[in-house]
Amino acid sequence: MKHTLSILLQNEAGALARVAGLFAARHVNIDTLTVAPTHEPAISHLTVVIHGGEATLEQIVRQTRKLVDVISVRSLGQLCDVGYLAGEAVRSNAHGHADNHGKWQQSV
Amino acid sequence: MTGADVVVRVLADEGVEVLFGYSGGAILPVYDAVFRHNAEHGNGDGRDAMPLVVPANEQGAGFMASGYARASGKVGVVVVTSGPGATNTVTPVRDAMADSIPMVVICGQVPTASLGSDAFQEAPVSNIMGACAKHVFLVTDPGQLEATVRTAFEIARSGRPGPVVVDIPKDVQNAKLSYDGNCRLPIPGYRARLRAVEQARLGDDACAAFFAALAQARRPLIYAGGGVIAGAAAPALRAFVDAFGVPVTTTLMGLGGFDTTHPLALHMLGMHGTAYANYAVEDCDFLLALGARFDDRVAGAPGKFAPCARFIAQIDIDPAEVGKVKRVHWHHVGPLAAALERLTAHGRAHGTRLSLADWQAHVARLKRDHAMNYDRASPLVQPQAVIEAINRITQGRAIVGTGVGQHQMWAAQYFDFRAPRQWLTSGSMGTMGFGLPAAIGAQFARPDALVIDIDGDGSIRMNLGELETVTTCGLPLKVVLLNNGGDGMVRQWQKLYFGQRFAGSDKSLRRKDFVKAAEADGFEWVRRLADKAALESTISEFLAFDGPAFLEVMIDPEAGVYPMVGPGASYAQMVTGDFIAAREGDSTVMEAAPVDSMF
Ligand SMILES: Cc1ncc(C[n+]2csc(CCOP(=O)(O)OP(=O)(O)O)c2C)c(N)n1
Ligand SMILES: [Mg+2]
């Protein structure tokens, strides 16, 4: 099954490589990867398409959220996001850039 | 001040009391700043404010920092040069990541203008370490240096701890900077997730659901892992057990998280766990996993792990560990100590009384009938007897480091561990060569404690150069080498699974004289022991020696580690060997396992 992940990432040295490297190390194959700028220059928006079962998806989402420069992760059209994690907390965070994720979500 | 001064100032502000590292061209400015810092901030007692411990190899520095961190709970700090200095620390960084140990590694790097040019001693540290560490920073803007180093400490010690690498080009170390004293990098995603996890509190409903299930249980068991130690939750665990009487088994990493001499302690579970702990796992109908992750050395066959447990509860600081291996019926993500305190308070407030007398008696019978045992009648020195003899004197209070192999498992099985942070072992990575440098680091963390390295002849060879570090630093470390003439654990698997073909694991014809090696490195008390009758007296003399001491014990090369749950096997397939009683119907000998199904 294909899954699409939307990731907001701080634009730090090596950040993209760490995301891609995490997927490779955890044996999750990336089908497509797009990187786009956001209205906030310090933040990039990644769209990653992977294939795998629900357990694979859930695990890779949780592992991606452990990367320090990842601001938020959404699995589009999946329910695995309802856990304990702080997509919400990020959105209300003072830096404000994660608003982007909220907006972007609504447009999908 | 320079960038290098800024680095040292942040280290001082973070309370760093010792550095482990090796110098080189790309880190020289930081080394010079450490020298000047120590010259300016003398303690008055002749000791440096921030002593620099120089190993034989940067891998040694990494494991020293790890041993320091494991024994103290503080962040261990490594300072190394670029290229080979940095790559020599890859193994300890990965090891610390796998065991959730807080560490900060400062690496020199070629100047920013030379990055990516195949410069002398250039290595892609950010790429390499990014795959191994909790996080890695490459500092290219000197203005970010102070905030980066401070943030590295924050990341290393927060949440699930881990190693953070800071790669600092030489020009950044030489930049002229001023000191802010407070600045940090913005890491909004990490901090928001951390805050959410750290503020997560167990609600009344969750507590009620937990106790509703526990009240139904007749045979509840706690399975406690390294998270109990990392989360400083040992007192809270003890209070929970005192309140409700649930027996406890711990993982290899959890040893010391619950006093192993407690009547309800079942010592270690898993591949080489005690038979009684593994039987209790087979028998339990309720399992509470605390800071434990159902690793393959515990749950080699996850579907058959704790097969009678109708309810599995899990508490962890890391959301990714919940349900990763085994489905759980109840979970909480948050700090373990707070969660256990909340559960205990809730249970007490609601007058929860569990009637576990039958189960406790069952557990006591398991401990009696399936106690650890070995070939006591053999004329050869048995490794287990060596550990028992040491333990009779140290009474579960020594700090024990190990290499990896059979000796590591015998130490885990036969020592008592009364408190957290006494047990230093490379659990997840299983890195040979860990023991000696880790014990050195621990002795820096606990200068007055008795620190013992239980090592193997294969493992100690890997960082043998650090013997000299022991005497150079004048540490009263005790090194016990259990010499079985080779890679015993590998030989054990080759015996069981590869028809006794000992490819590459037999070192009985090697010429190494460890006694001479220790003497050459300045050990004053050095002894080789092969006579069983002299065991007790030698051990007491060895431990009583006031200074570095080295004891090589020539052990029975055929001694095996039992019990054993084979790789990928269920606990029902546990074999207990010739000296530990198995339960009726269970086997004491290993069935041939298909080689392709194991790891
Ligand atoms: C760095 C490293 N290389 C290889 C291994 C695989 N390995 C695990 S145990 C072992 C043998 C260890 O021999 P020794 O230190 O003498 O311990 P013993 O089992 O004999 O007590 C080996 C080679 C490892 N764990 N670590
Ligand atoms: Mg050996």
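Where chain A and chain B meet, the contact draws on 23 residues from chain B and 22 residues from chain A. Keep in mind that this is a predicted model. An interface's size is often quoted as the accessible area that is lost when the parts come together. Here, about 1,900 Å² is buried between chain B and chain A, and carbon and sulfur atoms give 61% of that.

What holds hands across this boundary? The rule finds one salt bridge between chain B and chain A. Its partners are Asp318(B) and Lys66(A), whose side chains come to 2.5 Å, N to O. There are also ten residue pairs in polar contact across the interface of chain B and chain A, both residues being at pLDDT 80 or more.

The biggest giver is H9(B), with seven residues. Sorted by class, the residues of chain B that touch chain A come out as 13 nonpolar, five polar and five charged.

Now for chain B on its own. The chain is divided into domain 1 (3–192), domain 2 (200–366) and domain 3 (383–554). Domain 1 and domain 2 of chain B touch through six residues from each of them. The C-alpha centres of these two domains of chain B lie 37 Å apart. About 440 Å² is buried between domain 1 and domain 2 of chain B, with carbon and sulfur atoms giving 57%.

How many salt bridges link domain 1 of chain B and domain 2 of chain B? The count is two. The side of domain 1 of chain B that touches domain 2 of chain B has two nonpolar, one polar and three charged residues.

Side chains of opposite charge can pair when their charged atoms come close. Over all chains, the structure holds 34 salt bridges. Here are some of them, including the one from the chain interface:

| Salt bridge | N to O distance |
|---|---|
| Asp318(B) and Lys66(A) | 2.5 Å |
| Glu321(B) and Arg160(B) | 2.9 Å |
| Arg36(B) and Asp32(B) | 2.9 Å |

The pair Arg36(B) and Asp32(B) sits within helix H2 (residues 28–40) of chain B; because the two are four residues apart there, about one helical turn separates them.

A couple of backbone details in chain B are worth a look. The peptide bond from Tyr562(B) to Pro563(B) is cis, with omega near 0°. You'll find Pro563(B) in the segment after strand S18 (549–554) of chain B. Then there's Ala232(B), which has a positive phi of about 50° although it is not a glycine. Ala232(B) belongs to the loop between helix H11 (226–230) and helix H12 (234–244) of chain B.

Finally, a word on confidence in chain A. Its average pLDDT is 79, and 70% of the residues score at least 70. Over residues 78–99 of chain A, pLDDT is below 50, and this stretch has 43 contacts in the model beyond near neighbours in sequence. Residues 102–108 of chain A also stay under 50, and for them the model has seven contacts beyond four places in sequence. Where pLDDT is low, the predicted coordinates should not be read in detail.

Terms used. Residues numbered from 1 in each chain as written. Chains lettered and ligands numbered in written order. Heavy atoms only, no water. Domains from an automatic or database assignment. Contact = heavy atoms within 4.5 Å. Buried area = accessible area lost by both parts, 1.4 Å probe. Salt bridge = Lys/Arg side-chain N within 4 Å of Asp/Glu carboxyl O. Nonpolar A, V, L, I, M, F, W, Y, C, P; charged D, E, K, R; others polar. pLDDT = per-residue confidence, 0-100. Polar contact = N/O pair within 3.5 Å; in protein donor to acceptor, adjacent residues only side chain to side chain.
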